Amino acid sequence: MTREQIKDELKGIIGDYVPEKELLESLSEEHELIGDLKINSAHIVDIVLDIEDKYDIMIEDEAIGKMGTVGESIDIIFQKLDSK
Amino acid sequence: MIGIDVVDHSDPLLRPRNERSFRLISHPSDQHDATITTDLENLFWLYWAAKEAIYKANRLPIRFAPKQIPVSITQKNGSISILSNDIQGFIDQNNRSTLCICWNKAISSTPWYQLFESIEKDQSLEVRKQLILFLMEKGIEGEMSKDWKGLPVVNYNGKAHLTTFTHHHKLAAFICEQ
């Protein structure tokens, strides 16, 4: 699975929680989930659970403090899939 | 140091919280009175709101990492209190929402705060306007500003007062130093 494929799938996951959908049109790895995409912090837990369900992986417990950007979220998924 | 957080339980996007969710936010020193609730979902939101309010009160330029924030939650005479190092506060939880407000022990008077139904699309702007209106009703002319970290303060009576905002789904709230 390529990084770009994960980014597309992550876009589908986080899309539900982005209140202003137009922000998804130019999604980049540098986008902050909370600051730039305006995702409510309470939904970061939902996103982690959605990711775990989609890829059948267990994200590390400290993920919430590390999944600040789209790119960092992709890194976490990529590493977990790689070690699966 | 003052902080606030609200969770709107009516948000349809919130997934159920359970043991799986707890592992993402628990600190080894977290503790609570067993009498507070037996409902894991309610307990999750007590911890979450407390940790996020404490994070905001600390006003540090770091990301919110709930597992790094220890909190003790106790109940006395029906009121739920929180304690985390030198920060104290309380939580109001009902079927609709969980609201936590907290402040540094050195602050002698309970900060002003208000929870309200949000009706505007731009909730960040709305909650700031609501704070200014709240102060006006007290005969205070306030003006929003930022501290040297870029975090919000409200200026009145010739002094910058700490303030913090929160909004989730259809609820918003602010807290402000008296």
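**Entry 1: chain B, overall**

I began with the surface of chain B: its accessible area comes to about 8,800 Å², and 51% of that belongs to carbon and sulfur atoms. Accessible areas here come from the Shrake-Rupley method with a 1.4 Å probe, and for residues only the protein chains shown count as cover.

I note for the record that this is a predicted model, in which local features need pLDDT of at least 70, side-chain atom pairs count only at pLDDT 80 or more, and totals for chains, interfaces and linings use all residues. Residues are numbered from 1 along each chain as its sequence is written, chains are lettered from A and ligands numbered from 1 in the order in which they are written, and side-chain values use heavy atoms, with hydrogens and water left out.

I then looked up the secondary structure. Chain B has three helices and eleven strands (DSSP runs numbered from the N terminus: helices are H or I of at least four residues, strands are E of at least two). Along the sequence, the pattern reads β-α-β-α-β-β-β-β-β-α-β-β-β-β. The radius of gyration of chain B is 16 Å, close to the 16 Å that the globule rule gives for 178 residues, so chain B is as compact as a globular protein of that length. The radius is taken over C-alpha atoms, and the rule is 2.2 Å times the number of residues to the power 0.38. I also took the box along the principal axes: the C-alpha atoms of chain B fill roughly 45 × 35 × 35 Å.

Of the 178 residues of chain B, 50% count as buried (buried is under 20% relative accessible area, exposed is over 50%, partly exposed is in between; 1.4 Å probe, protein chains only). For contacts (heavy atoms within 4.5 Å) in chain B between residues at least 6 apart in sequence, I find that 56% join residues at least 24 apart.

For charges, chain B has 20 positive and 20 negative, and their mean positions are 6 Å apart. Lys and Arg count as positive, Asp and Glu as negative, while His and the chain ends are not counted. The place of a charge is NZ of Lys, CZ of Arg, CG of Asp or CD of Glu.

**Entry 2: chain A, overall**

I repeated the look-up for chain A. Chain A has four helices and zero strands, and its elements run α-α-α-α from the N terminus on. The radius of gyration of chain A is 12 Å, close to the 12 Å from the globule rule for 84 residues, so chain A is as compact as a globular protein of that length. The C-alpha trace of chain A spans about 35 × 25 × 20 Å along its principal axes.

Buried residues make up 50% of the 84 in chain A. Its accessible surface comes to about 4,000 Å², with 46% belonging to carbon and sulfur atoms. Chain A carries 9 positive and 22 negative charges, and I find their mean positions 2 Å apart.

**Entry 3: the contact between the chains**

I listed the residues in the contact: 25 come from chain A and 22 from chain B. The area buried between the two chains is about 2,000 Å², of which carbon and sulfur atoms give 52%. Buried area means the accessible area (1.4 Å probe) that two parts lose on being put together, summed over both. In chain A, A:Leu49, A:Asp61 and A:Ile64 lose the most area to chain B, together 25% of what that side buries.

Most residues other than glycine have a negative phi.

B:Arg59 sits in the loop between α2 (40-58) and β3 (72-76), and is buried at a relative accessible area of 8%.

B:Asn77 is in the loop between β3 and β4 (79-84), and is exposed, with a relative accessible area of 76%.

**Entry 4: two single residues**

Is B:Asp8 buried or exposed? At 0% relative accessibility, B:Asp8 counts as buried. B:Asp8 belongs to strand β1 (residues 2-8). Not counting residues up to four places away in sequence, B:Asp8 touches B:Leu14, B:Arg96, B:His168, B:His169, B:Lys170 and B:Leu171.

B:Thr110 lies in the loop between β6 (97-104) and β7 (112-117), and is partly exposed at 37% relative accessible area. Leaving aside neighbours within four places in sequence, I find B:Thr110 in contact with B:Phe90, B:Ile101, B:Trp103 and B:Gln178.
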